[in-house]
Structure formats: structure tokens, C-alpha cells
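This report looks at a few local features of the backbone and of side-chain packing.

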Amino acid sequence: MLFKKPKAGRSGQLKNGPHAIKESSSAKQSQDDSVTQLLGVTIAAINTTKDLVPIALAKGILGTIANILTIAQSVIKNKSDFQAIADKCETIRDILERATKDATEDDLRGYLGHALSQLNKSVNRINSDVASLKEQGFWHRLLSVTIDRDRIIGWEKDLDQVLVIFRTEAIAGIAIRVEKLALGPRGNTHGINDIQYRPPMPPSPPSMFYGRGDLVAELTNLVVNDEHIALIGPGGMGKSSLAKTILHEAVIAEKFTDRRYFVTYDGMDPSTITFEAFTTRFAEALGIELAGTNSVQQISTCLRSASALVVLDNAETFEEAGESSALREIPQAIAEIACIPGVILILTSRSRRSAPNVPWITKDIPPLDSNSAQEAFFRIYRPASRSNADKGITNLLQDLEFHPLSINLLANAAQQNGWSPVILLERWKDRHSAVLDHGEGKLQSLSFTMQLSLSSPSIQKLGEEGRHVLAVIAFLPQGLNEALSKRILPSTLQIDTICDILWRQSLIYRQGGFVKMLAPIRHYVRDSLPLPDSMCLREIRTFYYRTVQQCSKERDSHADIIISDHLNIEHVVAFDLAHTPEETYRACWEFLECLEWHLPRPTSLTPAIFNIIENSSARTPKARCLWYLGWLYITLSQHTEAMKAFNAVGALNLATGNHGIVAECVSECADIYRCQGRFVQSQQVLEGFQRSESWEYLSEPTKAQVWYFLDIARMYTFATSADELFVRSMEDRAWGLQSKIWHCRAKFYHGGDIVLANAQLEDLLLQCTGTRDLFTRRNALEGLAGVALCEGRLSEAMDILQKIVEIFEGQQSHYVLWYTVLKAVVASKQGDYALARELIHSAPGPLQFFALRSAFVFLHRSYSSACIELTAGAYDRAESHFITTIEGCDIQGHLDFKAYSKRGLGEIAFVHGDFALAAECFTQIRSLCTEMGVPLRHLYSCEPFYALPDRFEGWTLFLEDRSPFSNVI
């Protein structure tokens with residue numbers, strides 16, 4: 001406040017009536033003089049503030065109320081009636097001074113602007129009334145004192161109604177700060193990957209939360225002011241509950257809206273966590289799916305789209321990671337994410353090893369105060385007479401160091417067992433007197449509380465079985481699947497009863513069909529109790545391994561268990577690989593196969609498999625585990641990891657003289673290059689293998705396989721005549737029919753007779769009818785669909801593609817999606833853009849699942865979407881899809897889709913008349929084609945569905961060096 005007004009008591013409110021007592025004229029004059037002085041001081045303060053406030057609207061409001069008071073001071077006779085108005089004007093001055101401090105005109109877009117607008121209307125209305133009465137001379141001729149007072153009271157009410165707006169929390173004292181929080185980063189309301197982004201809901205705030213009000217307010221203020229926070233404390237101190245509460249504070253919800261994320265690393269083993277596991281869990285919490293390598297870039301791209309608050313919960317899991325590369329890479333990733341403008345991190349951890357290079361404000365979470373601890377305790381524990389218990393319980397809670405989780409566990413033990421306060425105190429004394437007598441300082445609160453809970457009668461009645469179940473739940477990272485518990489532990493007859501009792505004692509909790517332990521309790525049990533005994537481990541292993549084996553034999557058998565318990569199965573396999581590897585290899589490779597089929601994701605088994613000791617008995621099973629690991633990574637489109645696995649398999653089999661498997665590994669690596677559009681590299685790998693010493697040991701069918709993959713790559717380069725392609729593999733029994741189909745397709749792609757190609761493919765399709773090889777029939781139908789497309793028989797092309805969809809429906813979901821996308825492309829060429837968009841975006845859940853996890857499928861879908869929008873003339877949408885595809889190609893190393901998308905961007909630039917940009921795009925295609933080994937004029941020859949409509953002629957004019965490119969280049 002710039003000025004203080006003189007103290008002036010308000011005159012008593014007068015009542016008009018026959019018995020009203022009139023003030024003496026001298027008293028009235030004295031009161032009017034006092035108000036005149038008050039008005040003068042208030043006017044001076046308002047004028048001074050008007051010169052200081054930065055907002056023009058606020059300046060205008062202050063000028064208006066100064067004018068109102070000036071008229072009252074100079075003209076109005078009953079000045080004393082204006083004291084309340086003067087007080088309210090002073091309040092307005094004070095509020096505007098504080099509310100507009102450091103504000104800019106941009107801050108008027110939200111709540112503050114609305115409040116100022118309402119105030120401006122009110123003061124202008126009052127000013128207009130006052131000025132009008134002054135000009136008309138009504139003050140001296142018409143108005144009575146009663147009418148004057150009534151009108152003044154009406155003006156007072158108007159101002160009161162507006163001031164209510166300013167007295168809300170959003171304006172008073174913190175108006176500008178809250179306004180900026182509500183608006184967030186300006187000009188960036190849409191993410192770049194809207195298709196994949198599905199904002200999740202933050203977890204609910206804790207239902208029981210005591211004694212943290214001041215801490216919540218302090219931490220919320222830090223978050224509002226863009227500070228990164230590390231919440232540090234022992235397990236069970238309430239760090240996670242504190243973070244969840246902050247997420248739901250009103251000012252936080254207003255600032256970050258639906259971009260409040262809670263990333264929990266509970267349930268993950270610090271000794272085996274990998275960088276991939278860290279980023280996968282992070283991405284799941286963001287509602288995105290990772291595709292391929294450079295996961296941090298994908299996460300960062302999502303977070304850059306708008307302000308975001310991210311809680312990294314149970315950070316000790318990755319801070320203490322045993323895997324050396326994870327220990328190095330995870331802190332770097334956190335530091336990179338922390339540097340993103342508008343992104344705020346809250347980290348909860350028992351460890352102080354917070355990520356370096358992040359300006360953390362570290363907060364040690366204190367225990368509860370005595371009153372809050374008692375409130376939390378007696379909320380659960382309801383003794384007959386609390387008054388007799390307070391003193392003893394207060395001392396007991398103090399011995400527990402007011403540790404929140406310990407208080408919860410202790411209260412539940414006392415309540416569920418029906419202990420009186422006296423018995424509870426005796427139990428505590430009996431168990432802990434020796435420790436206290438040794439004077440070792442602070443108690444290990446969780447340990448003592450756990451011992452007390454475990455000594456309760458209900459737990460003691462469980463005997464060794466209860467401890468075994470505790471050990472099992474702690475051993476399994478997901479906890480125990482309640483629906484399967486009797487099958488997992490068949491010898492534990494009372495498993496349901498045991499779980500119910502453990503739940504009542506707050507030793508476990510239920511979530512998603514599993515009984516789980518809080519991380520501090522789980523670590524305590526692991527450290528304090530033995531591992532599950534040999535019988536429990538054998539039963540767990542038997543159930544999970546039998547499930548895996550059955551699923552491996554019959555693809556969909558027990559798939560639901562693989563999906564629900566995948567982390568538990570993975571943990572058991574990793575545990576057994578370290579202790580009994582010879583008995584575990586089969587389960588390992590079968591589990592990897594099941595993951596590929598039903599839940600493709602990176603696996604923490606990767607380092608364990610690569611670290612298997614290579615002795616004579618382990619080479620073959622290790623190679624088989626690596627083989628299925630490679631196929632899992634192919635499904636994930638993680639090509640580098642897949643080739644690493646296949647190369648390792650090849651080396652192991654080369655050492656054992658199994659040259660046929662070596663050839664398969666080489667073929668798979670070459671085909672990965674082909675899928676990336678790296679046809680020259682694919683060809684070089686296979687030609688180099690033919691010069692290796694392994695070649696002479698191969699069977700003819702294996703050589704035919706190598707020739708087949710080699711000719712697939714050579715078909716795209718046009719370096720070999722189509723008549724020569726697939727000839728050597730054509731006579732092989734296994735590869736012959738496939739080779740004949742591709743020979744026919746190659747001749748068509750290389751400019752052969754289209755009618756002849758159609759007839760030959762139809763004949764070959766008839767030969768596929770009797771075979772069980774779905775892919776052979778698929779290849780023939782795909783060739784026929786391509787021929788129909790090029791001949792303009794678009795309806796027939798749609799029908800053929802639908803036949804392919806029906807082949808894979810219910811079996812290979814990602815192929816269903818692949819050919820549904822091609823149907824969408826054909827629909828766009830028919831001019832039915834609504835159908836095309838519906839087909840490409842209406843994939844059901846399982847298809848969406850595969851599309852998001854396979855970068856190859858994603859690129860196919862993204863590029864096809866761009867082509868559809870380009871054909872429809874929606875150039876802005878097309879451009880967005882082309883750019884997204886190029887970004888995906890850069891991450892995955894794909895050259896073909898990148899070249900196709902550059903062509904699309906070039907055509908859009910050409911349509912817009914930006915010939916320089918078009919030439920730049922087309923020039924980049926030259927270098928890409930050189931790297932791929934594809935002639936410029938045959939960019940689409942082998943992929944007719946990816947070709948753009950003929951009306952887009954920029955590329956053709958560029959190749960022919962015709963206008964306008966003859967002048968641009």
C-alpha cells in the first residue's frame with residue numbers, strides 16, 4: 001500500500017422515522033469535514049497508483065473512481081454518506097496495485113481480464129450516474145437526503161458484488177501468477193503425435209492424509225514457480241501420498257490440466273532394471289507407446305507439446321540400478337527431460353542419489369507431528385475409551401518416530417486383533433525393551449512395526465504358511481495373482497484366508513486382481529525372511545513354465561495368463577537362469593516366443609541371455625534363446641537389437657558347425673536391411689555370405705533360401721534383368737512356388753506385360769489353394785491386387801485385399817491392419833475419402849496394439865494417411881503426416897518411406913508454387929535413392945500402392961529438368 005488513510009470512524013447508521021433523533025448541525029459539519037479529508041487522501045493515493053500500474057484497463061478504472069470521489073468531494077453536500085464508497089475505492093486501489101504487479105496486457109486473456117472488465121463496467125456506471133446528476137443540478141433541486149442515501153447504498157452493493165470476484169483465491173494476492181499458470185505455454189496447444197497420445201488420469205489422492213497441509217502448500221508453491229523437487233525419506237514416510245496430493249491441488253490442476261503424470265517404478269527389481277524398462281514404464285504413464293530406438297527423444301517430443309508435471313515415484317529403483325549401463329543412461333535421460341521448458345519433475349526416493357545436472361530442491365520428508373500421528377492412528381484404531389489411551393499411545397507413537405506407514409500398520413494390528421491399549425503397550429514393551437535399553441538411538445521404525453504386526457495372534461495362527469506366502473508375494477514383482485493363487489501354490493490350502501488376513505493387517509494391498517506389498521515392506525520381507533522355500537519355488541516354476549509351454553504349443557492357449565503375469569514369469573525365468581540355467585533354457589525361449597505373440601515388449605532377460613556362459617552344453621540352448629529374442633525385437637521393429645541377437649546366434653552355430661542356422665541368421669539380417677529400404681546393404685550381406693566357407697556346407701534348400709532373399713533385394717535395384725531373378729530358387733521344393741510368384745511380380749514391376757502377369761499370378765494362386773502356407777497365398781493375392789490397381793480395376797483390387805485380410809483375421813492381427821491400410825489407399829484413389837479415413841483410423845484394439853509397437857507398421861500407416869490426405873487435397877494434413885513419417889524413419893533408419901515422404905512434401909511445395917523448396921526435397925531423394933540402390937525413375941516400381949496420383953507431376957518435371965526446375969537448380 002502506497003498510502004495509509006487517516007482513521008475515521010463510521011457514523012452510526014440512521015433510521016428514518018417519526019421517532020428518529022436528528023444530529024446537530026455542528027456534529028454533521030464536523031463529520032463532513034473528516035470525510036472531505038479522507039476523500040482527498042484517497043484521491044491522491046489512487047492517482048499515484050494509477051501512474052504505477054502496468055495495465056491500461058487498470059489505469060482507466062483508477063481514473064474513473066478518482067473522478068467519482070472528486071465529484072463527491074467538490075459538489076455533494078452529504079459527504080459523510082460517501083465514506084463507505086471511499087473505503088471501497090481504497091480497497092479497489094489496493095487490490096489493483098497488487099493484482100497487476102509485473103503483469104502484461106497478455107495476462108488479460110483469462111480470469112484477471114474478466115474481473116477487471118466487470119469492475120470497469122460497475123465504476124463506469126456509477127461515474128455516469130454521478131456526473132449526470134451533477135450536470136443536471138439535481139443535487140440542489142430534486143433529491144432528498146433519503147433518496148441520495150438509497151442510491152449511494154445501491155452503488156455500494158454494485159461494488160461489493162465486483163469485489164467478491166477479486167477476493168477469490170485465484171485473484172487476491174496471486175492473481176498474475178495463477179493467471180500465467182492457468183494459461184500455460186502459449187501458442188503450443190497441440191502435440192506433434194496426437195494419434196498415439198492418450199492422456200491418462202493421475203492417480204486419486206490418498207483417502208487418509210494427515211498433518212501435511214503446510215508441506216503440501218510449500219511444495220505446491222515450488223511447483224508453481226517451476227522448481228524440480230526431490231522428496232527424500234525412508235520407506236513409508238508418505239512420499240508417494242504427498243506427490244499424489246500435490247497433483248490434485250487446484251492450482252496444479254489449473255496449470256497442468258490433463259498433463260499430470262505419475263510414473264511409478266514400484267514392482268521393478270533394481271538389480272535387473274534396464275534403460276529400456278525405465279523408458280517403457282515412463283512412456284506408459286504418459287499414454288504413449290515407444291517405437292524403436294531413441295526412446296528419450298520420443299518421450300521428450302510428447303512432453304514438449306505443453307506444460308507438464310511428472311512424478312517419478314520410487315526412484316530408488318532406478319537410482320540403485322545394478323545394471324551398469326542403466327545406472328549411466330537413466331540419470332542422463334532424466335537430466336535431458338528436466339531441461340524441457342515447461343516440464344517440472346517431482347521425484348520420490350529413499351535414496352539421495354538423485355539424477356545429477358538437475359537443479360533439484362531437495363526436501364527431506366519429516367515425520368508427522370504428534371497431533372497428526374494420533375489423528376491418523378485413532379482414525380483406524382477405535383478403543384473403548386480413548387481418554388485412557390492417549391498418553392500411552394502418544395509415547396508409543398513417539399517410539400515409532402511418528403512414521404506414517406508404521407502408524408498405519410500398528411493401528412490395523414491393534415484394531416483387527418482387538419487389543420486394548422494396555423495389551424498393545426505390553427506387546428510393544430515385550431518386543432522392544434532390550435533394544436531401547438541399549439540406547440542405540442533412533443528405531444528402525446518399519447522393522448519394529450513389521451515385527452509387531454507379525455506377532456499379532458491372527459498372523460501367528462498362520463504359522464510358517466503365512467511367512468511362506470509373505471515371501472512369495474515379496475518375491476514376485478507383480479505380487480500374487482489372486483485368481484490363480486490356488487494353482488500357483490496348490491500345497492498352501494488356506495491361501496485365500498492367509499491373503500485376507502495379510503490384507504487386514506495392511507501387509508499387502510489389492511490392485512488389479514493381484515495382492516501386492518508396498519515397496520518398503522517388500523524389501524523388508526526380502527531382507528528379513530528367507531526366499532520362498534524349495535517347495536514354493538517348485539510350485540511357482542511348475543505352474544508358470546507349464547503355462548508357457550502350453551501357450552508355445554498352442555498359440556492362444558493360456559495367453560491371458562502370459563499377459564496378466566508376464567513380469568512374474570520373466571522374474572522367475574531370470575532367477576532360474578542365474579541359479580539353475582540348464583533347467584531353464586527351454587522355458588526362456590518359449591516365454592520369449594509367447595511375448596512376441598501376445599505382449600511384444602522389451603525384456604529384462606536380454607542381458608541374462610547374452611551372459612549365459614558358452615560351454616559345450618550351453619551353446620545350443622543359448623543360441624535358441626537368442627533366436628527367439630531376435631524375433632521379439634523384429635516384432636518391435638528394434639532392428640539393431642534384432643541383428644545383434646541374430647549375429648550372436650550365427651557365431652554360436654558357426655562354432656558348432658551348424659551352417660544351416662548361420663545361413664538363416666544371415667538371411668534374417670539381410671531381410672531387416674531390405675525392410676528398411678537398404679537394398680544395397682541387403683544384397684552385399686547375402687553375396688558376401690556366398691563367398692564364406694559356410695556356403696559349401698549348405699544344403700540345396702538352404703542355398704535356395706539365400707538366393708530367394710538375395711533376389712528380393714536385387715529386384716528393387718533393377719541391376720539384374722527380371723528374367724534372371726528367382727530362377728535359381730524356383731526349382732526348390734520349399735521355395736519354388738514363392739519364387740515363381742515373385743518372378744512373375746518382378747517381371748511386372750520391371751515393365752513386363754500386365755495381362756500376362758495377371759494370368760500367370762491367377763494360375764499360381766490356384767496352386768496355393770492346397771498349401772497351408774498362408775504367406776505364399778498372400779504373396780500371390782498381393783501381386784494380383786497390384787496388377788488390378790495399375791489397370792484401374794480399383795473395386796477388384798479392394799476385393800482382393802479383403803481376401804488377404806480374411807486370411808489373417810484372428811491369427812496375425814498386424815497383417816490385418818497392414819492390408820486394411822492398403823484398402824484405405826485404394827478407396828482414396830476411388831475418390832471415397834471418407835471411407836479411406838474410416839478404414840485407416842478405425843482399427844480395433846488388438847490391431848492398434850500391434851500398430852503402435854511395430855515401427856514398420858506405424859510408418860506404413862502414417863505414410864498411407866499422408867497419401868490419402870494428399871489425394872483428397874488436404875495439403876496441411878498430408879504435410880503433417882509426411883513429416884511424422886520422416887521423423888519415424890530417422891529414428892528407425894528407414895530409407896524408402898523417407899524417400900516417398902520427401903516426394904510428397906516436394907509435391908505439396910510444387911502445388912503451392914514454392915519451386916525452390918520442391919527442388920530441395922527432390923534433390924534429397926536423389927541421395928536417398930543412391931543409398932538404397934534404387935534408380936530414380938523406379939522409385940515406386942516395386943511398390944505400386946505407395947505411388948502418388950499422376951496429377952502430381954513435380955517429381956517427373958524435376959527428373960526431366962523441365963520448367964520450372966531448369967531455372968531453379
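## The loop between α45 and α46

D961 is partly exposed because its relative accessibility is 46%, where partly exposed denotes the range between buried, under 20% relative accessible area, and exposed, over 50%, computed with a 1.4 Å probe on protein chains only. The residue sits in the loop between α45 and α46, and although D961 is not a glycine, its phi is positive, near 55°. Helices here are DSSP runs of H or I with at least four residues, strands are runs of E with at least two, and both are numbered from the N terminus.

P964 also belongs to the loop between α45 (954-959) and α46 (965-968), and the peptide bond leading from S963 to P964 is cis, with omega near 10°.

## Basis of the model

The model is predicted, so local features need pLDDT of at least 70 and side-chain atom pairs count only at pLDDT 80 or more, whereas totals for chains, interfaces and linings use all residues. Residues are numbered from 1 along each chain as its sequence is written, and side-chain values use heavy atoms, with hydrogens and water left out.

## S637 between α29 and α30

S637, in the loop between α29 (619-635) and α30 (639-656), has a positive phi of about 60° without being a glycine. With a relative accessible area of 1%, S637 is buried.

## V787 in helix α36

V787 lies in helix α36, which spans residues 774-790, and it counts as buried because its relative accessibility is 0%. Apart from neighbours within four places in sequence, V787 is in contact (heavy atoms within 4.5 Å) with F748, I754, N758, L761 and R793. F748 is 39 residues from V787 in sequence, while their C-alpha atoms are 8.2 Å apart.
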